[in-house]
Amino acid sequence: FSDVCFSAGRLVRCVRCPVAYHASDQCMAAGSRILSSNSIVCPNHFTPRKGVKNHEHVNVSWCFVCTEGGSLLCCESCPAAFHRECLNIEMPKGSWFCNDCKSGKKPRIKDILWVKVGRYRWWPAEVSQPQSIPENIQKMRHDVGEFPVHFFGSNDYLWTYQARVFPYMDVDANSRDKMGKGVDATYKKALEEAAVRFRELQAEKELRQLQEDRKNDRKPPPYKHIKVNRPIGKVQIFTADLSEIPRCNCKSSDESPCGMDSECINRMLLYECHPQVCPAGEKCLNQAFTKREYSSVEIFRTLSRGWGLRCSHDIKKGQFVSEYVGEVIDEEECRSRIRDAQDNDIGNFYMLTLDKDRIIDAGPKGNEARFMNHSCRPNCETQKWTVSGDTRVGLFALEDVPANTELTFNYNLECLGNGKTVCKCGAPNCSGFLGVRPKNNPPASEDRGRKYKRRGRRKSRAVLTKEREDECFSCGDGGQLVSCKKPGCPKVYHADCLQLTKRPAGRWECPRHQCDICGKEAKSYCEMCPSSFCDQHKEGLLFKSKLDGKLCCNEHDPCGPNPLEPGEIREYQPEDATRGLPHSKYRNSIINRLL
């Protein structure tokens, strides 16, 4: 049931269902309870305990495809959420599970995950081997399906399960969006540590894959090599009359007639010269397609992106690398092939748009160019040239490319069939998905320089903040929310969490702006719940959290007077006699973090 198996080996089987894994950390799902050398109880048999906050299922408030909010279709087994439109499916009836959950994909030992704990933000953590964690963490109560995670930045541990975690990805390791000025030092440290560890684990995984491929002497998937495009069905390959082919003004006596550094009008307009029309005759240097003047390349196995293409010698900027060759099909045939591929679980597509009526499919037939991978920061680009009256696609170097360098180009929304496939190019400006334009953010200093020049005088840059939060500030879940109308307050709540029988009307202000004790205007706030205090009553009631340095009340701080055990819930009555605080304005449940 694992998606990372490299070879056959001894299997361990679940005693309650047909699930089986190879007996290794690389395959076995985290949270499996080992009964013997060949039997386990798999995480599918996890049963959440009532009243344990950390056993509640939580979904993200954004779409995993487009990252936008709105009306989302939520997986009932993991935190994944999607727009129905992004998945291009009808609204399902009853329970719905994402493709990863339907295929049995589970977290494994050493996976990097985003983990949700109580009121804290999603935090990066690594799944730990239960035998390697501190003894006091091992002794904590945990059930089948729960596994320990080690948080980056804070070095805390927690037992959690699949419904409160989702995978950390390449785009997270390369992203700088979460590293702004408003990010506290502990969280920034956590992001940096997670990115470094993720790359280390990726390198280990890729090396194992490469060694296994070499051990088994794997070869590229079979295809038929062709030298020119082959039309399929009613598709036509056009050929122009010699009288219709444009003639340039170059001469055979020129230093490099029709060459890259010449002023050949045909080359400038992406027309290839014809040997019977060009004034330079046999000396013409603008016939790379016809003469197949390709760069020397070789197919090789990449570490993380399957098979790729690299150059055997240095390539200069602007130099012709290869033509993209395959079967030329129409849109109807293209859709038919994509459907067949999806029905047969074929995930690799080699389709490139030629013009509005024709597509090149290099899948069954093509040349070495079909192995060129995508990159958000490529060293090659596609150009559409007119050759003897027909359109052909060539790949040209965007920069000087040293020998033995992988050749890549940006699919740039022109490759069909990939949908929202995760991008693994690893470029600093990686967009995260194929078919999504890469990030082109200029350096901050350069960006500011352009703005000041455009405006004529320097102005301070405003800090953009979110107008409204997406989750209830009391319980952390989404849904139907009421928002505080106090200017500058982004907090939202469930009416039930505030014990309101109906939605408040008018300029309603949330309870966070009144002191819990005297009801006067609050000056200090817990950043984990609506607790707040005036200057007179804040002493001894607010602490600085060891996890992220934020102020929180003693209900969230393990060093407070009444710390909670992991998974324990403390529910408040309308009047808490032990503290004399009027908690009727909200009812809260808290999970203490682990030390």
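Which residues are linked in a network of salt bridges? They are Glu327, Glu333, Arg337, Asp361 and Lys365. A salt bridge here is a side-chain nitrogen of Lys or Arg within 4 Å of a carboxyl oxygen of Asp or Glu.

This is a predicted model, where local features need pLDDT of at least 70, side-chain atom pairs count only at pLDDT 80 or more, and totals for chains, interfaces and linings use all residues. Residues are numbered from 1 along each chain as its sequence is written, and side-chain values use heavy atoms, without hydrogens and water.

The salt-bridge count comes to 17.

| Pair | N to O distance |
|---|---|
| Glu126 and Arg197 | 3.0 Å |
| Lys365 and Glu327 | 3.9 Å |
| Arg358 and Asp390 | 2.9 Å |

Take Lys365 and Glu327. Lys365 lies in strand 19 and Glu327 in strand 17, so their pair ties together parts 38 residues apart in sequence. Strands (E, at least two residues) and helices (H or I, at least four) are DSSP runs, numbered from the N terminus. Glu327 is buried at 6% relative accessibility, while Lys365 is partly exposed at 23%. Buried means under 20% relative accessible area, exposed over 50%, and partly exposed in between (1.4 Å probe, protein chains only).

Next, Arg358 and Asp390. Arg358 is buried at 5%, and Asp390 is buried at 6%.

Glu126 is buried too, at 12%. Its bridge partner in strand 9 is His150. Strands 8 and 9 pair in the antiparallel sense over three bridges. Two strands pair if DSSP finds at least two bridges between them.
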